[in-house]
Amino acid sequence: MSGYLCIHWAITPETAPRPLINCNRCGTVKAYRCSEKFRVNANGKRIDVWLIYRCIDCDSSWNFGILERCNRRDIEPALLRALEGNDPALARRHAFDVAALRSRVGHVEEFPDVAVHKQRLGDTRESATVLELKLGLEMPTSLRLDRLLANELGMSRSRLQALEDRRLLVIDPDGAKALRKPARHGATIRIDLVAEPDRQAIISAAGG
(Lines give C-alpha, C1' and ligand atoms only; values in the text may rest on other atoms or scores of the structure.)
Protein backbone atom coordinates (compact mmCIF):
# COMPACT_ATOMS: atom_id res chain seq x y z
CA MET A 1 0.00 0.00 0.00
CA SER A 2 1.39 3.39 -0.97
CA GLY A 3 0.90 6.81 0.56
CA TYR A 4 2.24 10.31 0.89
CA LEU A 5 5.01 11.49 3.16
CA CYS A 6 4.61 15.24 3.67
CA ILE A 7 7.52 17.19 5.14
CA HIS A 8 7.97 20.89 5.73
CA TRP A 9 11.42 22.35 5.09
CA ALA A 10 12.10 25.62 6.92
CA ILE A 11 15.00 27.16 5.00
CA THR A 12 17.20 29.85 6.52
CA PRO A 13 19.91 31.59 4.48
CA GLU A 14 23.12 31.77 6.49
CA THR A 15 25.20 34.50 4.82
CA ALA A 16 23.71 37.91 4.06
CA PRO A 17 24.23 39.44 0.60
CA ARG A 18 27.22 41.77 0.30
CA PRO A 19 27.04 44.96 -1.77
CA LEU A 20 30.03 45.55 -4.04
CA ILE A 21 31.21 49.12 -3.52
CA ASN A 22 34.17 51.21 -4.64
CA CYS A 23 36.16 51.48 -1.41
CA ASN A 24 38.04 54.77 -1.23
CA ARG A 25 40.56 53.38 1.24
CA CYS A 26 41.33 50.19 -0.72
CA GLY A 27 41.17 51.98 -4.06
CA THR A 28 39.07 49.29 -5.75
CA VAL A 29 35.67 47.60 -5.65
CA LYS A 30 35.23 45.56 -2.48
CA ALA A 31 32.52 43.51 -0.86
CA TYR A 32 30.96 45.09 2.22
CA ARG A 33 29.51 43.01 5.07
CA CYS A 34 26.59 43.99 7.26
CA SER A 35 27.70 45.09 10.74
CA GLU A 36 24.20 44.44 12.19
CA LYS A 37 24.36 47.95 13.65
CA PHE A 38 22.05 50.86 12.86
CA ARG A 39 22.97 54.51 12.86
CA VAL A 40 20.08 56.70 14.03
CA ASN A 41 20.47 60.44 13.52
CA ALA A 42 17.88 62.83 14.95
CA ASN A 43 17.71 66.41 13.70
CA GLY A 44 14.89 68.06 15.59
CA LYS A 45 11.73 66.08 14.82
CA ARG A 46 13.30 64.45 11.76
CA ILE A 47 15.08 61.10 11.89
CA ASP A 48 17.44 59.39 9.47
CA VAL A 49 18.38 55.73 9.86
CA TRP A 50 21.11 53.72 8.15
CA LEU A 51 22.29 50.13 8.40
CA ILE A 52 26.09 50.21 8.66
CA TYR A 53 28.23 48.05 6.38
CA ARG A 54 31.99 47.47 6.61
CA CYS A 55 34.57 46.72 3.92
CA ILE A 56 35.70 43.12 4.38
CA ASP A 57 39.35 44.17 4.02
CA CYS A 58 39.87 47.60 5.54
CA ASP A 59 36.71 47.96 7.69
CA SER A 60 35.76 51.35 6.21
CA SER A 61 32.04 52.03 6.52
CA TRP A 62 29.16 52.47 4.10
CA ASN A 63 25.65 53.45 5.19
CA PHE A 64 22.62 51.72 3.67
CA GLY A 65 19.67 54.09 4.00
CA ILE A 66 16.61 52.69 5.81
CA LEU A 67 14.65 55.84 6.73
CA GLU A 68 15.21 59.36 5.41
CA ARG A 69 13.95 62.58 7.00
CA CYS A 70 11.07 60.82 8.74
CA ASN A 71 8.98 62.59 11.34
CA ARG A 72 9.46 60.91 14.71
CA ARG A 73 5.67 60.79 15.19
CA ASP A 74 5.33 58.68 12.04
CA ILE A 75 7.62 55.94 13.36
CA GLU A 76 6.10 53.21 15.53
CA PRO A 77 7.65 53.39 19.03
CA ALA A 78 8.50 49.66 18.92
CA LEU A 79 10.29 50.11 15.59
CA LEU A 80 12.25 53.09 16.88
CA ARG A 81 13.31 51.14 19.96
CA ALA A 82 14.43 48.25 17.73
CA LEU A 83 16.47 50.59 15.54
CA GLU A 84 18.09 52.35 18.48
CA GLY A 85 18.76 49.01 20.20
CA ASN A 86 20.30 47.35 17.10
CA ASP A 87 17.69 44.59 17.06
CA PRO A 88 19.37 41.59 15.35
CA ALA A 89 16.19 40.33 13.65
CA LEU A 90 15.45 43.76 12.18
CA ALA A 91 19.03 44.16 10.98
CA ARG A 92 18.90 40.70 9.40
CA ARG A 93 15.65 41.52 7.59
CA HIS A 94 17.15 44.62 6.00
CA ALA A 95 20.47 42.89 5.28
CA PHE A 96 18.68 40.25 3.20
CA ASP A 97 16.67 42.80 1.21
CA VAL A 98 18.56 42.17 -2.03
CA ALA A 99 16.21 44.30 -4.14
CA ALA A 100 16.77 47.35 -1.92
CA LEU A 101 20.54 46.83 -1.93
CA ARG A 102 20.62 46.52 -5.71
CA SER A 103 18.61 49.73 -6.07
CA ARG A 104 21.38 51.53 -4.16
CA VAL A 105 24.59 49.96 -5.46
CA GLY A 106 23.69 47.90 -8.53
CA HIS A 107 25.92 44.89 -7.87
CA VAL A 108 25.42 42.53 -4.92
CA GLU A 109 27.27 39.33 -4.05
CA GLU A 110 24.85 36.56 -2.98
CA PHE A 111 25.53 33.29 -1.18
CA PRO A 112 23.70 29.95 -1.56
CA ASP A 113 24.45 28.49 1.90
CA VAL A 114 21.33 27.64 3.90
CA ALA A 115 20.25 25.71 6.99
CA VAL A 116 17.25 23.40 6.58
CA HIS A 117 14.99 22.38 9.46
CA LYS A 118 12.80 19.41 8.50
CA GLN A 119 9.46 18.57 10.11
CA ARG A 120 7.13 15.74 9.20
CA LEU A 121 3.52 16.84 8.76
CA GLY A 122 0.74 14.50 9.91
CA ASP A 123 0.67 10.71 10.18
CA THR A 124 2.33 8.83 7.37
CA ARG A 125 2.36 5.17 6.40
CA GLU A 126 5.76 3.51 6.57
CA SER A 127 5.20 2.32 3.00
CA ALA A 128 4.87 5.84 1.59
CA THR A 129 6.16 6.10 -1.96
CA VAL A 130 5.36 9.74 -2.77
CA LEU A 131 7.45 12.42 -1.11
CA GLU A 132 5.86 15.85 -0.77
CA LEU A 133 8.10 18.71 0.32
CA LYS A 134 6.71 22.09 1.33
CA LEU A 135 9.26 24.91 1.33
CA GLY A 136 9.22 27.77 3.78
CA LEU A 137 11.94 30.40 3.28
CA GLU A 138 12.73 32.89 6.00
CA MET A 139 14.40 35.11 3.40
CA PRO A 140 14.90 34.84 -0.38
CA THR A 141 17.90 32.76 -1.43
CA SER A 142 19.93 32.46 -4.61
CA LEU A 143 20.26 28.68 -4.08
CA ARG A 144 18.81 26.82 -7.05
CA LEU A 145 16.09 24.32 -6.28
CA ASP A 146 17.93 21.42 -7.92
CA ARG A 147 21.01 22.10 -5.79
CA LEU A 148 18.89 22.30 -2.64
CA LEU A 149 17.19 18.97 -3.39
CA ALA A 150 20.44 17.31 -4.41
CA ASN A 151 22.20 18.45 -1.23
CA GLU A 152 19.39 17.45 1.11
CA LEU A 153 18.18 14.22 -0.55
CA GLY A 154 21.53 12.80 -1.64
CA MET A 155 20.41 12.66 -5.29
CA SER A 156 22.28 13.96 -8.31
CA ARG A 157 20.83 16.91 -10.21
CA SER A 158 20.73 14.85 -13.39
CA ARG A 159 18.64 12.23 -11.62
CA LEU A 160 16.25 14.89 -10.37
CA GLN A 161 15.98 16.29 -13.89
CA ALA A 162 15.24 12.81 -15.26
CA LEU A 163 12.44 12.40 -12.71
CA GLU A 164 10.98 15.76 -13.74
CA ASP A 165 11.19 14.82 -17.43
CA ARG A 166 9.14 11.70 -16.67
CA ARG A 167 6.64 13.75 -14.63
CA LEU A 168 7.65 11.85 -11.49
CA LEU A 169 8.83 15.12 -9.97
CA VAL A 170 6.30 17.95 -10.06
CA ILE A 171 6.78 21.47 -8.71
CA ASP A 172 3.80 23.59 -7.77
CA PRO A 173 3.15 26.39 -8.62
CA ASP A 174 6.23 27.04 -10.79
CA GLY A 175 6.07 23.99 -13.04
CA ALA A 176 8.62 23.17 -15.73
CA LYS A 177 12.15 24.55 -15.47
CA ALA A 178 11.67 25.52 -11.81
CA LEU A 179 14.44 23.11 -10.85
CA ARG A 180 16.96 25.52 -12.37
CA LYS A 181 15.56 28.55 -10.57
CA PRO A 182 16.11 29.69 -6.98
CA ALA A 183 14.07 27.87 -4.35
CA ARG A 184 10.90 29.81 -3.57
CA HIS A 185 8.82 30.23 -0.44
CA GLY A 186 5.55 28.30 -0.63
CA ALA A 187 6.67 25.89 -3.34
CA THR A 188 5.59 22.26 -3.10
CA ILE A 189 7.65 19.47 -4.66
CA ARG A 190 6.13 16.01 -5.16
CA ILE A 191 8.43 13.13 -6.03
CA ASP A 192 7.10 9.68 -6.95
CA LEU A 193 9.67 7.24 -5.57
CA VAL A 194 7.81 3.99 -6.19
CA ALA A 195 10.39 2.72 -8.68
CA GLU A 196 13.47 4.05 -6.87
CA PRO A 197 15.51 1.27 -5.21
CA ASP A 198 16.91 3.65 -2.56
CA ARG A 199 13.50 5.07 -1.70
CA GLN A 200 13.91 4.59 2.05
CA ALA A 201 17.28 6.34 2.08
CA ILE A 202 15.80 9.33 0.21
CA ILE A 203 12.83 9.47 2.57
CA SER A 204 15.14 9.36 5.57
CA ALA A 205 17.30 12.15 4.15
CA ALA A 206 14.17 14.23 3.50
CA GLY A 207 13.30 14.12 7.18
CA GLY A 208 10.96 11.15 7.24
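These legends walk through several views of one predicted model.

**View 1. The whole chain, seen as a fold.** Start with the big picture: six helices and 10 strands make up the secondary structure of the chain. Along the principal axes, the C-alpha atoms fill a box of roughly 70 × 40 × 25 Å. The radius of gyration is 22 Å, whereas a compact globule of 208 residues would have one near 17 Å. As for what is tucked away, buried residues account for 38% of the 208 residues.

View 2. Side chains of opposite charge can pair when their charged atoms come close. Here that pairing is between E138 and R92, whose side chains meet in a salt bridge at 2.9 Å, N to O. E138 sits in the loop between β8 (130-137) and α4 (145-153), while R92 belongs to helix α2 (residues 88-95), so the pair ties together parts that are 46 residues apart in sequence.

View 3. Look at E132, and you'll find two partners. With K134, the side chain of E132 forms a salt bridge of 3.6 Å, N to O. With R190, the side chain of E132 forms another, at 2.7 Å, N to O. R190 lies in strand β10 (residues 188-192) and E132 in strand β8, so this pair links parts that are 58 residues apart in sequence. Because these salt bridges share partners, E132, K134 and R190 are joined into one network.

**View 4. Cover around the network.** Which of these residues are buried, and which are partly exposed? E132 is buried, because its relative accessibility of 11% is under the 20% cut-off. K134 counts as partly exposed at 29%, and R190 is likewise partly exposed, with a relative accessible area of 28%.

View 5. How exposed is R46? Its relative accessibility is 37%, so R46 counts as partly exposed.

Notes:
Residues are numbered from 1 along each chain as its sequence is written. This is a predicted model: local features need pLDDT of at least 70, side-chain atom pairs count only at pLDDT 80 or more; totals for chains, interfaces and linings use all residues. Side-chain values use heavy atoms; hydrogens and water are left out. Buried means under 20% relative accessible area, exposed over 50%, partly exposed in between (1.4 Å probe, protein chains only). Helices (H or I, at least four residues) and strands (E, at least two) are DSSP runs, numbered from the N terminus. The radius of gyration is taken over C-alpha atoms; the globule rule is 2.2 Å times the number of residues to the power 0.38. A salt bridge is a side-chain nitrogen of Lys or Arg within 4 Å of a carboxyl oxygen of Asp or Glu.
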